[in-house]
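Morning, everyone. I have one chain to walk through today. Let me put it on the screen.

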Amino acid sequence: MLFRSKESVPTDVGAVELRLYTATAGNTALNISVCDYGAKAAAVDPDVILAGVEKGAIDNWKAKVISEKKITLGSYQGLEVVASNDSMRFSLRYYMVGGVLYQTMVVSPVAEDFPDTKRFLDSFQLIPHPAT
């Protein structure tokens with residue numbers, strides 16, 4: 001199944017629109033989200049935004065971080081996080097591209113590791129906009 005949703009999310013730079021795309025594979029959810037923070041965020045250190053997004057997610061899920069590391073997607077900074085709570089495992093990659101946050105995430109039951117997690121997370125690419 002494929003789900004799409006749109007919601008307003010409060011942030012330090014004001015409310016922003018979050019677009020979430022979710023597909024399911026058995027008990028696992030595969031997510032891509034896009035959140036445009038705007039020009040104000042483009043001037044902020046991406047590490048600061050990524051750390052804030054990670055903290056918000058971990059607090060919201062009442063999860064504990066298992067691992068985290070800085071990553072890149074081309075020339076863009078990112079953060080890879082694996083966390084879990086009592087019932088779910090979260091494997092995430094966040095990327096800041098100017099003022100836009102992209103998130104890829106696999107959510108699966110703790111007892112059911114999704115075998116294609118790395119493949120899904122590795123499949124994310126940015127497609128260049130054609131010159132106008």
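Start with the surface. The chain exposes about 8,200 Å², and carbon and sulfur atoms supply 55% of that. Those areas come from the Shrake-Rupley method with a 1.4 Å probe, and for residues only the protein chains shown count as cover.

Now the ground rules. This is a predicted model: local features need pLDDT of at least 70, side-chain atom pairs count only at pLDDT 80 or more, and totals for chains, interfaces and linings use all residues. Residues are numbered from 1 along each chain as its sequence is written, and side-chain values use heavy atoms, with hydrogens and water left out.

Next, the fold. The chain has three helices and seven strands. Helices (H or I, at least four residues) and strands (E, at least two) are DSSP runs, numbered from the N terminus. Reading from the N terminus, the order is β-β-β-α-α-β-β-β-β-α. The radius of gyration is 15 Å, close to the 14 Å that the globule rule gives for 132 residues, so the chain is as compact as a globular protein of that length. That radius is taken over C-alpha atoms, and the rule is 2.2 Å times the number of residues to the power 0.38. Along its principal axes, the C-alpha trace spans about 45 × 30 × 25 Å.

Contacts and charges. Contact means heavy atoms within 4.5 Å. Among contacts between residues at least 6 apart in sequence, 36% join residues at least 24 apart. There are 13 positive and 15 negative side chains, and the centres of the two sets lie 2 Å apart. Lys and Arg count as positive, Asp and Glu as negative; His and the chain ends are not counted. Each charge is placed at NZ of Lys, CZ of Arg, CG of Asp or CD of Glu.

Now inside. Of the 132 residues, 39% count as buried. Buried means under 20% relative accessible area, exposed over 50%, partly exposed in between (1.4 Å probe, protein chains only). In soluble globular proteins, nonpolar side chains tend to be buried together.

How many residues has the largest nonpolar core? It has 23, and those with the most contacts inside it are Tyr37, Trp61, Val81, Leu92, Tyr94 and Leu101. At least two core residues come from each of β2 (16-25), β3 (28-36), α2 (46-61), β5 (76-84), β6 (88-97) and β7 (100-109). Helix α2 gives the most, with six residues. By nonpolar core I mean a set of buried Ala, Val, Leu, Ile, Met, Phe, Trp, Tyr and Cys residues joined through side-chain atoms within 4.5 Å.

Take Val81. Leaving aside residues up to four places away in sequence, Val81 touches Glu54, Ile58, Val65, Ser67, Glu68, Phe90, Ser91, Leu92 and Tyr94. There is also a second, separate core of seven residues, including Leu73, Tyr95, Val97 and Tyr102.

Ser91 was on the Val81 list. Ser91 sits in strand β6. Is Ser91 buried or exposed? Its relative accessibility is 7%, so Ser91 counts as buried. With residues up to four places away again left out, its partners include Thr104, Met105, Val106, Thr117 and Leu121.

Asp36 is in strand β3. Asp36 is partly exposed, at 46% relative accessible area. Beyond four places in sequence, Asp36 touches Val16, Glu17, Gly99 and Val100. Its C-alpha is 25 Å from that of Lys118, 82 residues apart along the chain.

Asp122 is in helix α3 (residues 117-122). Asp122 is partly exposed too, at 38%. Asp122 and Leu73 are 49 residues apart in sequence and 9.9 Å apart, C-alpha to C-alpha.

Ala51 is in helix α2. Its relative accessible area is 42%, so Ala51 is partly exposed. Ala51 and Val9 are 42 residues apart in sequence and 17 Å apart, C-alpha to C-alpha.

Last, Lys62, in the loop between α2 and β4 (64-73). Lys62 counts as exposed, at 71% relative accessibility. Most residues other than glycine have a negative phi. Lys62 is not a glycine, yet its phi is positive, about 55 degrees.
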